[in-house]
Amino acid sequence: MSGEEFVPLSLTPLLIGTFAAIACALPGNFLVLRKQALIGDAISHVVLPGIVVAFLLTGAISTWPMMLGAAGAAVVAVVMIEAIRRLGQIEPGAAMGVVFTTMFAGGVLLLEQTDTSTVHLDVEHALYGNLESLIWLDAAGWSSLLDVQALAGLPPELPRIALTMVGVILFTWLFWRPLKISTFDEGFARTIGIRTGVLGMALVITAAIAAVAAFDAVGSIIVIAMFICPPAAARMMTNRLETQIVWSVLFATISAISGYVLAGYGPLWLGGADAVSAAGMIATISGLLLALTAVLGPCRTRSGAPSQV
Amino acid sequence: MLELATVQGVSIEGQDIDRCPLAIRGLTVSYGQKPAVFSVDMTVQPGAMTAIIGPNGAGKSTLLKAALGIVSPLSGQVTVFGQPLEDQRARIAYVPQRASVDWDFPTRVIDVVLMGLSRQLGLLGRVRARHMARAMDCLNRVGMREFADRQIGQLSGGQQQRVFLARALAQDADLYLLDEPFAGVDAATEKAIIAVLKSLKEAGKTVVVVHHDLATVVDYFDHVFLINTRKVAEGSVEQAFTAETLQAAYGGRLATAQIDQILRALG
């Protein structure tokens with residue numbers, strides 16, 4: 001494929017898909033180890049009331065207020081999950097289940113009560129981004145990457161998700177040590193002065209922001225898959241968290257790129273006529289990678305409960 | 001309501017509080033309706049080895065966790081070397097119950113020990129050769145040097161407990177608090193751990209251990225603290241570890257024959 005075709009049509013979706021995958025996979029490593037991996041699923045539901053409220057307040061369908069509404073709802077949900085978990089002394093999965101079903105149901109009611117006949121409030125608009133549509137029509141080829149005028153025509157999702165990814169990387173890098181210690185041994189972490197409650201909250205809020213930014217760009221299916229599959233697959237490859245992080249980023253990238261390419265060209269190679277959903281294919285590839293590592297990964301056998309020797 | 005038998009142990013009130021490694025006053029902790037620890041005072045003797053003993057569910061671990069700020073008490077005051085806990089964190093090392101963590105966590109033995117140096121390392125400090133040497137030295141003291149590169153899930157229970165102790169040693173604290181370090185470990189590990197704890201005591205450190213094996217109290221410890229939600233007794237083993245205090249702490253749960261046996265060991 002020539003640059004004239006690749007750059008306008010495929011470069012930006014590939015980059016956006018990859019950035020979104022990495023932004024979700026990084027916090028996913030900790031969420032999986034903390035048994036909070038379902039938070040991605042929870043957030044994909046709780047953003048609904050946030051989007052509806054944003055629409056009610058602004059009366060318009062525009063990206064920024066809706067993203068802020070979604071992010072606000074995600075943060076409210078995260079705080080509620082944490083509060084229910086701590087005050088109710090119940091496991092995180094149950095707390096998430098209670099919060100996300102309630103908030104999603106509330107969003108549905110709110111949507112129903114709202115007069116949306118004049119404006120078509122398309123929730124899918126915000127929830128299920130379409131990767132294939134994020135093309136860069138102003139580009140004429142590789143040289144456009146240096147062309148200020150062409151760069152101005154980049155899809156706005158690209159800088160947003162890139163910025164989010166950079167933020168997630170910074171958070172992970174800066175708080176690496178306390179995150180690792182408090183994920184492994186929360187009690188010990190507190191005795192050395194790590195504020196584990198605040199840190200745990202910061203982690204899920206970071207994940208929530210990554211999720212909302214990724215929903216906007218690529219849709220919720222990738223988000224839910226990327227929080228879990230690359231980190232879980234990476235765990236099968238190594239017994240060190242440092243190495244696991246590297247593997248998870250690699251798996252996320254492989255899923256995004258090969259998923260996009262396969263979705264676009266796979267059906268043609270098989271003699272079909274139409275491309276399939278890139279988001280669906282990316283999530284499927286990440287699931288296949290997980291299955292592959294579960295069968296072949298060098299560190300898939302666990303010792304289970306420590307033997308009493 | 002709880003049946004509470006209070007036997008006045010030897011009080012160490014009025015002692016110079018600045019020298020006291022850990023002083024607890026009026027500590028009450030509750031997880032629900034019932035208090036787990038009720039209005040407990042504790043004064044830990046410097047340079048001694050103290051056992052916290054009491055029946056299951058008596059609040060032993062909770063007392064330790066509240067003293068360390070891991071659980072929030074309803075009321076009470078904790079001072080460490082005469083200062084608020086938060087100012088003295090660097091002088092405390094804590095060994096949690098082995099079962100409280102997931103040993104499947106992707107990390108190696110040496111990485112766990114290095115966690116004990118995280119206050120020195122700070123957020124972004126690099127692990128340098130001297131940190132590595134210190135961690136290896138601590139592993140050596142618990143006889144685990146050759147396991148440094150093992151994934152922690154591949155260790156036996158006793159080996160895991162020794163790794164936890166090595167992490168506490170790396171902290172180079174003045175006050176060591178251990179929660180059931182002898183639970184479910186092999187005899188060799190128990191011997192190794194007690195040797196390390198005794199060497200800490202000889203170096204002038206203070207050691208407090210939540211302990212469940214009454215038969216070894218006399219051999220291992222100088223002081224005891226008996227608890228059954230409320231404080232039952234506190235003092236030297238000779239003064240506070242008696243048939244009367246044991247009966248008060250354990251009630252019917254400890255047969256008279258068992259107590260006799262323990263006390264015979266006392267001589």
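The model is predicted, so to speak of local features a pLDDT of at least 70 is needed, side-chain atom pairs count only at pLDDT 80 or more, and totals for chains, interfaces and linings use all residues. Residues are numbered from 1 along each chain as its sequence is written, while chains are lettered from A and ligands numbered from 1 in the order in which they are written.

Where the chains meet, 24 residues of chain A are in contact with 31 residues of chain B (contact: C-beta atoms, placed from the backbone, within 7 Å). On the chain A side, the elements giving two or more residues are helix 8 (176–184), helix 9 (186–191) and helix 12 (241–269). Helix 9 of chain A gives the most, with 4 residues. Helices here are DSSP runs of H or I with at least four residues, strands are runs of E with at least two, and both are numbered from the N terminus.

Over in chain B, strand 7 (residues 175–179) is largely enclosed by the rest of the structure, because 5 of its 5 residues are buried (20 or more other C-beta atoms within 10 Å of a residue's own, with C-beta atoms placed from the backbone). B:Leu175, B:Leu177 and B:Asp179 cover one side, and B:Tyr176 and B:Leu178 the other.

Strand 7 of chain B also has parallel neighbours. It is joined to strand 6 (residues 92–95) of chain B by 4 bridges, with B:Ala93 partnering B:Tyr176. Another 5 bridges link strand 7 of chain B to strand 8 (residues 206–210) of chain B, where B:Leu178 has B:Val209 as its bridge partner.

Methods. Two residues are in contact if their C-beta atoms, placed from the backbone, lie within 7 Å. A residue is buried if 20 or more other C-beta atoms lie within 10 Å of its own, exposed if 12 or fewer, and partly exposed in between; C-beta atoms are placed from the backbone. Two strands pair if DSSP finds at least two bridges between them.
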